[in-house]
Amino acid sequence: MADMEEQRAPSPRWRYGPPWSRYGPPWGDGPDDPEPHRGRAWPWRSTALCTVFVLVGSAFAAHGQSHRVPLDPYARVLLLAASLLLLWRHRHPVAVAFGTAAVTLGYLAAGYPYGPVYLTVAVACFSAVVAGHRRAAWASVGLLWAGHALVGLWLYRWLPPSGDKGAGIIQEIGIAAWVLAVFAVAELARVRREQWARERADRAQAARRRADEERLRIARELHDVLAHSISVINVQAGMGLALLDSDPEQARTALTTIKAASKEALGEVRQVLDTLRAPGAAPRTPAPGLDRLPELVEQAAAAGLTVEVEGAPPRLPAGADLAAFRIVQEALTNVVRHSGSRHARVAFAHDGDALRLRVDDDGPATGADAGGSGNGLAGMRERAAALGGTIEAGPRPDGGFRVLAVLPSHLREDQ
C-alpha cells in the first residue's frame, strides 16, 4: 500500500513548470486545440493597454518629427483601428495580422510620424505565429516591409509630406532587423508552447498509466484475499453440512473456522478500502508477509490440506515480502480448489540475491483448470514481474503441479 500513498503525495511546487503551464502558455490558441475559440475571453485588457500606449506614444513621437504630417483625426482613426483589430487576434489571427499590416502601411504612406504603431503589427504577428499560422505572419510583415520600402525609395515623391526625402538602405535594413527580432521571439514562444503541450500530454498519459496500475494492484489484492478465504469457507461449509447430523462437534469446529476465515477476509478487504478512502493516511495494520506463513498452514489444515514447509523464509523488503506471501497463499488456494491431493510442500531457497519459492502438490487435478484460474496465475506473474522476478507454473513430470517463483531479495524499500 505504500505505493498508493506515494502516488497521492503532493508534488513539489512548480515541479513541472509554473502553475499555469498545465493549461498551456497564457497567450493564444494553437491549431491543435479542440474548439479553440469556444468560451475564450476577449483580450480587452491587453488591447486597451496597447491602444493607450500607441495613441500616447505616437503623440509624443510626433513632437520630434516636425518634417512629417502632424497627427490629425484621420491619423488617430488609423491608430485606433490598428489597435482595436487586436481584439480578434485569438479568433482570427491571420485576418488580424494582414489587417494591422495594411492599416499601418496606410498610416505610414500618409506621411504620419513613425512611432509605436509598429507594436500592433508585432503583437498581431506574434499571436499568428504562436497559433501556428507562420506563413501568414511572414506574408503580412513582408507586405508591410515591401510597401514601406516602395514608399521610402520611390513613391515618396508623390506622397505627403511635401519635400520628404527618400529612405536609405540602412533604414530599410534596420526595419528588416526589427522584423526578424519580432519573429525570433514569436518562434521561441511557439516552440515553448509546443513543449508545454507535449509535457501536458506526457503527464496525462503517465496519470492514466498509474491509474491502470493501481486498479490492477487493487484487483490482485482483493482476488488473493477473497479467493483464499472463500475457498476455506467453501470447504468448511461443505464439511459442516455433511457432519451437521452425524458429528455436531466437528460441524461446530467447521463453523468456527468459517467465522475466523471470514473475519480475516473482511479485515484485509477493509484495509484496502480504508487506504482508498483516506488519502495520505497510513494503513492501520501492516501489510501481510511471510511471517504469517503459520496462519496459512493452519488455514490449509482446517480445509483438509497438510502443508509441509522446507527451509526458513528470509527477511525481505516489504514489497517482496508481500508478493511472496500472496504467491504462497494463491498457490495453496489453488491446491485446495483444484487438486485431488491433500498434501502440499512449500520450499524456500535463498542464495543471497534471490529467493526461490516452490509450492508442489502431488495431484491429480480435479478439473480442467488444474493449477488455478487464469486470474490467480496472472496475478502471481504480475506480482513477480513488478519486482523483476519470474513465475513458472505447470504440471510436474511425475504428476501433480508446481509453482516456482524467483524473487530478488535486494530491492530498495521504495520498490
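Two strands pair if DSSP finds at least two bridges between them, and strands (E, at least two residues) and helices (H or I, at least four residues) are DSSP runs numbered from the N terminus. The model is predicted, with local features needing pLDDT of at least 70 and side-chain atom pairs counting only at pLDDT 80 or more, while totals for chains, interfaces and linings use all residues. Residues are numbered from 1 along each chain as its sequence is written, and side-chain values use heavy atoms, leaving out hydrogens and water.

Begin with β4 and β5, which pair in the antiparallel sense over six bridges. Select E392 to find its bridge partner in β5, L404.

Next, display the whole sheet: five strands form an open arrangement in the order β1-β2-β3-β5-β4, with mixed pairing. At the edges stand β1 (306-310) and β4 (390-395); each has a single partner strand, so one side of each lacks a neighbour in the sheet.

Then select L357. Beyond its neighbours within four places in sequence, L357 is in contact (heavy atoms within 4.5 Å) with A324, I327, V328, V346, A347, F348, V403, L404 and A405.

L357 also belongs to the largest nonpolar core, which has 33 residues; L305, I327, L332, V346 and L357 have the most contacts inside it. Such a core is a set of buried Ala, Val, Leu, Ile, Met, Phe, Trp, Tyr and Cys residues joined through side-chain atoms within 4.5 Å, where buried means under 20% relative accessible area (1.4 Å probe, protein chains only). Elements giving two or more residues to this core include α10 (318-338), β2 (343-350) and β3 (354-361). The largest share, 10 residues, comes from α10.

Finally, select A62, L79, L108 and F183, which are among the 29 residues of a second, separate core.

Definitions and conventions: Buried means under 20% relative accessible area, exposed over 50%, partly exposed in between (1.4 Å probe, protein chains only).
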